[in-house]
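Please keep the sequence and the model at hand while reading.

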Amino acid sequence: MLLDDNRLFPADPGTRTIAKTLYEQVRGLPIISPHGHTQAAWFAKNEPFPDPAKLFVQPDHYVYRMLYSQGVSLDDLEIGVAEMKDPRKVWRIFASHYYLFRGTPTRVWLDFCFQELFGMEERLSEKNADHYYDVIAEKLKTPEFLPRALYDSFHLEVMTTTDSPLDSLDDHKAIRDSGWKSRILPTFRPDSVVDPEFVGFAENVAKLGAQTGEDTTAWGGYLKALRASRARFRALGCTATDHGHPTAQTANLSATEAAELFGRVVAGRADAAQNELFRAQMLTEMARMSLEDGLVMQIHPGSVRNHNRKIFERYGRDMGADIPRATNYVDALRPMLDLFGNEKDLSIILFTLDESTYSRELAPLAGHYPCLKLGPSWWFHDSPEGMMRFHERVTETAGFYNTVGFNDDTRAFLSIPARHDMARRVDCAYLAKLVSDHRLEEAEAVELAHELTYGLAKRAYRL
Amino acid sequence: MLLDDNRLFPADPGTRTIAKTLYEQVRGLPIISPHGHTQAAWFAKNEPFPDPAKLFVQPDHYVYRMLYSQGVSLDDLEIGVAEMKDPRKVWRIFASHYYLFRGTPTRVWLDFCFQELFGMEERLSEKNADHYYDVIAEKLKTPEFLPRALYDSFHLEVMTTTDSPLDSLDDHKAIRDSGWKSRILPTFRPDSVVDPEFVGFAENVAKLGAQTGEDTTAWGGYLKALRASRARFRALGCTATDHGHPTAQTANLSATEAAELFGRVVAGRADAAQNELFRAQMLTEMARMSLEDGLVMQIHPGSVRNHNRKIFERYGRDMGADIPRATNYVDALRPMLDLFGNEKDLSIILFTLDESTYSRELAPLAGHYPCLKLGPSWWFHDSPEGMMRFHERVTETAGFYNTVGFNDDTRAFLSIPARHDMARRVDCAYLAKLVSDHRLEEAEAVELAHELTYGLAKRAYRL
Amino acid sequence: MLLDDNRLFPADPGTRTIAKTLYEQVRGLPIISPHGHTQAAWFAKNEPFPDPAKLFVQPDHYVYRMLYSQGVSLDDLEIGVAEMKDPRKVWRIFASHYYLFRGTPTRVWLDFCFQELFGMEERLSEKNADHYYDVIAEKLKTPEFLPRALYDSFHLEVMTTTDSPLDSLDDHKAIRDSGWKSRILPTFRPDSVVDPEFVGFAENVAKLGAQTGEDTTAWGGYLKALRASRARFRALGCTATDHGHPTAQTANLSATEAAELFGRVVAGRADAAQNELFRAQMLTEMARMSLEDGLVMQIHPGSVRNHNRKIFERYGRDMGADIPRATNYVDALRPMLDLFGNEKDLSIILFTLDESTYSRELAPLAGHYPCLKLGPSWWFHDSPEGMMRFHERVTETAGFYNTVGFNDDTRAFLSIPARHDMARRVDCAYLAKLVSDHRLEEAEAVELAHELTYGLAKRAYRL
């Protein structure tokens, strides 16, 4: 077997028993997936997933960044290739390097998929690469492995995608109109029309105008267009926005200043500081709109995107070369908090890639401001040690109820059960520790395990 | 019962036994409380504490910041109200939200008070709110719950308050003159007369002049007035100063430069950088005076005070809206260390709200400079996980003997035994870990438990 | 006994058994010491080590910085004195303060030496100071304690020193020519000729010219001289360079700009920013040369050297007063990574003194760029807690195979077995935790224990 039933539970036998008991209470709960990057098209079309390499290697930058770091070329992995020429060869390369993932969460997620979905019992290696390939390829053709069947068997109660305001959302409409009983909702991610440094920003703003019938050459029309776009998302069940800025900077410009700055950034005449100021002002505008329309706001700052220049020039955005940077919240959020910090009806979920801010800035902020909550440990930190550090550094100041449960945040649809299972296990391991040293009663821990798995996410995202 | 006898001890049975054995050696030691925020007036007047809400909710920003973060209004809690209108209603709100404190140190402190002082056995909730209220209100009227009786029963050996140079210290004199056998000492906290951004700074400086008979319109007279003020504190047993600056910045200006800058800040003509420079210079001046008069110097930097603008405008200072910021020590302290760093007779205790500096800057600094020691984990970090992280990140470089034991740092007098008990338990848990994996002998751990509980604080604060 | 056989293993009995089993597999492996600061002269001359004080106190800044922080004067310890006047008195001071090292790695290293090399059974104290002194002094005169005999008995397979380009390397040649079977290799550390703020920089550059016969008054000749110097080191088996800059900043200047800047720094006309830019450019030049000649590049940034002004003025460089500072990698390395980041044949090992960068910057960088690997926890962090934090924060993102095993990094030759033993124990403790909670199979852990002890270092340093 690839997986042990006691995996990720504490070593001490007494504490392990508590963790296991807690886990049994939440193991079978439906999955709430309020933040992720699956494609609505998969469920609209419901076509079989392609071959194993296209499914597990090509789209998963956790996987290919590790192989790349150890000297495997992206060309050999056919990364960025629309029609893979030799997926079996790519799979063999992956299999022969699978040992690199020892000690990483990727290995735990993949082993879960391999065992639970494909019935594998021996760990992937060069030796059994073809066997894996054949079994997986075969199963992917069966009805049980169609996207909608998997959605149902994963026991998903609700799942969200992440979408540009310029997206037609036709796939979401198609799902809704298909009569298939499910809940797949869009999330409003406006980076492409609010970040002057996004590729094609000015054209995107023009498209937004065309799409909404508003005059996006002027600040007022631009804001109206964004409001209209949000309304269009809400009509399809969207409950949240998401903002992936380089920093958490917010601003509070006068309407005149903002209009002037907007003219400058759209014309491409802004320098780096002005671009940053515009993004900062747009976070504040998004908060203002959230207060109006009730969309929960997610801020995902702190990543230097596309850090590897050659990879970016050759392969484009989002190729596993994003590197976190130290992130300030205490000063950056202040302009927005001055305006809206005390609004009980506004909900802003903060994420970070800079763990030094957990106890220093984020927990104190969320433990005070009514509008703030903390997103779970994110990206490089959605791992057993990463999740444990999040709990240990955040809970003592912010408590459990200023957090929002787990996000799987994945492009890899098949990994969703694996990721939620890992989170449930680590949450229970943490709670078991608190019970074991008598900081919590076991009955409270049962309630909190349920909250961390289900209740907090559902309420925080208004799902 | 609300509390288990084994709380906060390690889960592993062998290690737990060691922790428990160590704890039994220090459980009964007298309390040294060298840094805190209780009111001398309570002990001067020795009047009964008021009702439960006024005692546990209104003054404790750990409590009401959490309630506020979850949407409870400060008005409903009657925060900032001199005469509470409906303390029982406030108590009921608190009780019905008590579950929010799960996983926080506040819950452990409060449960300790409720059980050990008031004999409660069932956890506070909406259901038993009135019972709690009645029992506590009743007991507060009894002689055993008068401030002096509690001081005695808490087994306090010495306790310090925190006082402005402008304070008459009449309450301290009254205690001394009352014949009551106790040791309650003032601490010299000059922020109001050395920080140009403190509300009323210029008037405060003028008052200092009037109070001391020195000409505080000039730099020389200002320094003399501060010396006189320190002497007045020392005459009442004061052994330490305390400095709550936004940063740890120090400076080394010439007398001419300092005099010129003083003129500017007192006249209100200084900009933010000049205000910061003045605070920096004043840390150096305070160190110079400490070298003369032997007062131990405490530096508590790194908090952005009154971060919530609306709360500050409505309720004033110190309403639970202080948020830490990244803090630099290695460059900031250098001007002062260049002057006094090698003085064996000077003792400066450094605190931080930025845990990333524990191992990076603070332990290396304290492990080298004779004048530096490290204060315990502070504020958001005086919690089980916070104290453990402090030990784990500081001890390997600074050792135990460059630390100063525990501070309760509280306004909540009734929580003092609870806080010291938590510290003793976590200290013993840490020491037990070192014994268990053979980094210490058990006999050494016994000695160190005693030091962490009693000896280090007493010597470091010259008490 | 000073040492327990189970020291540094996890407390939980099941996990301890796993750790112990793993440790038994690697306990006896030869030592690979790819980065350190021993003196080749010791092995070239093979003379007895001097007395205990000169061996254990005078050269070890871990030891005397702790004593100094607690008020022992460096004069009393005869620090910086060529011929010690009263080594026994120094030893007694050390012995009577030995309790200060409780909880520090220094104590574990020293106890290992005292027991394993000198047969001591009672912990060092004021009481047994003379006995220790006599036994150690006696043994140091025996043939078994000559440097070469110790090298052999330590089971060292290879050990490197750290050397200036201006060093004649005569001692290395003498070792090679002596016929003694050993492998002691130089490491190329060019700080003295690439850092404009190094004492004597301009003279050093001139000497480099004289030594290599190149015209180091011009940029082209200077680069040629460095190439020649590297070749000279390689001829004696050198496989790596080492760079101790204040920051990790790199640059990518044009040849013209670089030549102009070189002229300015050599002439002493550069300001602090230009000095920093020159160091930055030199890291890029060193990477370029490494790509040509195959030397592995080590970057050791982030220490404020000689922080204590009075100590520096009185005793000179490297007297235990170096303090780490927050260090940025994500922006600093980008100019060099833009050029060489994707080169598989280039190997750059990154170190840090800022643990907040482990998970935020270093693991994501090393988990992506083919040229980057992570050095082990360094200096203040080469301790049980420090090594564990390194593993826990790095492995989940970078895996094991982007790390390079252990460095002892010591001037204290006698402590080498102690340091490697500590690393092997902590590595096995970490692996045992992963096995215990089923993140690894035990067979994999055995393989990884071997890699962490031997394989990774040997391959990463091309030894």
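The model is a predicted one. The contact between chain C and chain A involves 39 residues of chain C and 41 residues of chain A. Chain C also holds an open sheet of four strands with parallel pairing.

**The side of chain C that touches chain A**

- Six helices of chain C each supply at least two residues of this side: H1 (13-26), H16 (334-340), H17 (356-366), H18 (384-398), H19 (416-436) and H20 (442-460).
- H17(C) gives the largest share, with eight residues.
- By class, this side of chain C consists of twelve nonpolar, 15 polar and twelve charged residues.

**The sheet of chain C**

- The strands of the sheet follow the order S4-S5-S8-S9.
- S4 and S9 (372-374) of chain C are the edge strands, and each of them pairs on one side only.
- On average, neighbouring strands of the sheet are turned by 25° against each other, direction ignored.
- H17(C) packs on this sheet and touches S8 and S9 of chain C, while its direction makes about 130° with that of S9(C).
- Strand S4 (residues 240-243) of chain C pairs with strand S5 (residues 296-299) of chain C over four bridges, in the parallel sense.
- S5(C) is also joined to strand S8 (residues 348-350) of chain C, by three bridges, and these two strands run parallel.
- C:Ile299 of S5(C) is the bridge partner of C:His243, and C:Leu350 in S8(C) is the bridge partner of C:Ile299.
- In a regular strand, side chains alternate between the two faces of the sheet.
- S4(C) is covered on both faces: C:Ala240 and C:Asp242 are buried on one side, and C:Thr241 and C:His243 are buried on the other.

**A covered helix in chain B**

- Helix H4 (residues 61-69) of chain B is mostly covered, with eight of its nine residues buried.
- The buried residues are B:Tyr62, B:Val63, B:Tyr64, B:Arg65, B:Met66, B:Leu67, B:Tyr68 and B:Ser69.
- The cover over these residues of H4(B) includes helix H17 (357-366) of chain A, together with helices H3 (52-57), H5 (87-96) and H6 (105-117) of chain B.
- After H4(B) comes B:Gly71, which has a positive phi near 95°.

**Two helix pairs**

- Two packed helices are described by the angle between their axes and by the distance between the axes.
- In chain B, helix H13 (residues 255-266) packs against helix H14 (residues 272-293) at an angle of about 125°, with the axes 10 Å apart.
- H13(B) and H14(B) are therefore oblique to each other, and H13(B) passes H14(B) in a left-handed crossing.
- H13(B) contributes B:Ala258, B:Leu261, B:Arg264 and B:Val265 to this contact, and H14(B) contributes B:Gln274, B:Asn275, B:Leu277, B:Phe278 and B:Gln281.
- The contact of H13(B) with H14(B) has five nonpolar, three polar and one charged residues.
- In chain A, helix H6 (residues 105-117) and helix H19 (residues 416-436) pack at about 120°, with their axes 8 Å apart.
- H6(A) and H19(A) are therefore oblique to each other, and their crossing is right-handed.
- The residues in this contact include A:Trp109 and A:Phe112 of H6(A) and A:Arg419 and A:Met422 of H19(A).
- The contact of H6(A) with H19(A) has eight nonpolar, no polar and three charged residues.

Key
Residues are numbered from 1 along each chain as its sequence is written. Chains are lettered from A and ligands numbered from 1 in the order in which they are written. This is a predicted model: local features need pLDDT of at least 70, side-chain atom pairs count only at pLDDT 80 or more; totals for chains, interfaces and linings use all residues. Two residues are in contact if their C-beta atoms, placed from the backbone, lie within 7 Å. Ala, Val, Leu, Ile, Met, Phe, Trp, Tyr, Cys and Pro count as nonpolar, Asp, Glu, Lys and Arg as charged, and the others, Gly among them, as polar. Axes are lines fitted to C-alpha atoms, for helices over the stretch in contact, and angles run from 0 to 180 degrees between N-to-C directions. Angles under 35 degrees count as roughly parallel, over 145 as roughly antiparallel, 65 to 115 as roughly perpendicular and the rest as oblique. A crossing is left-handed if the near helix is turned anticlockwise from the far one by less than a right angle, and right-handed if clockwise. A residue is buried if 20 or more other C-beta atoms lie within 10 Å of its own, exposed if 12 or fewer, and partly exposed in between; C-beta atoms are placed from the backbone. Two strands pair if DSSP finds at least two bridges between them.
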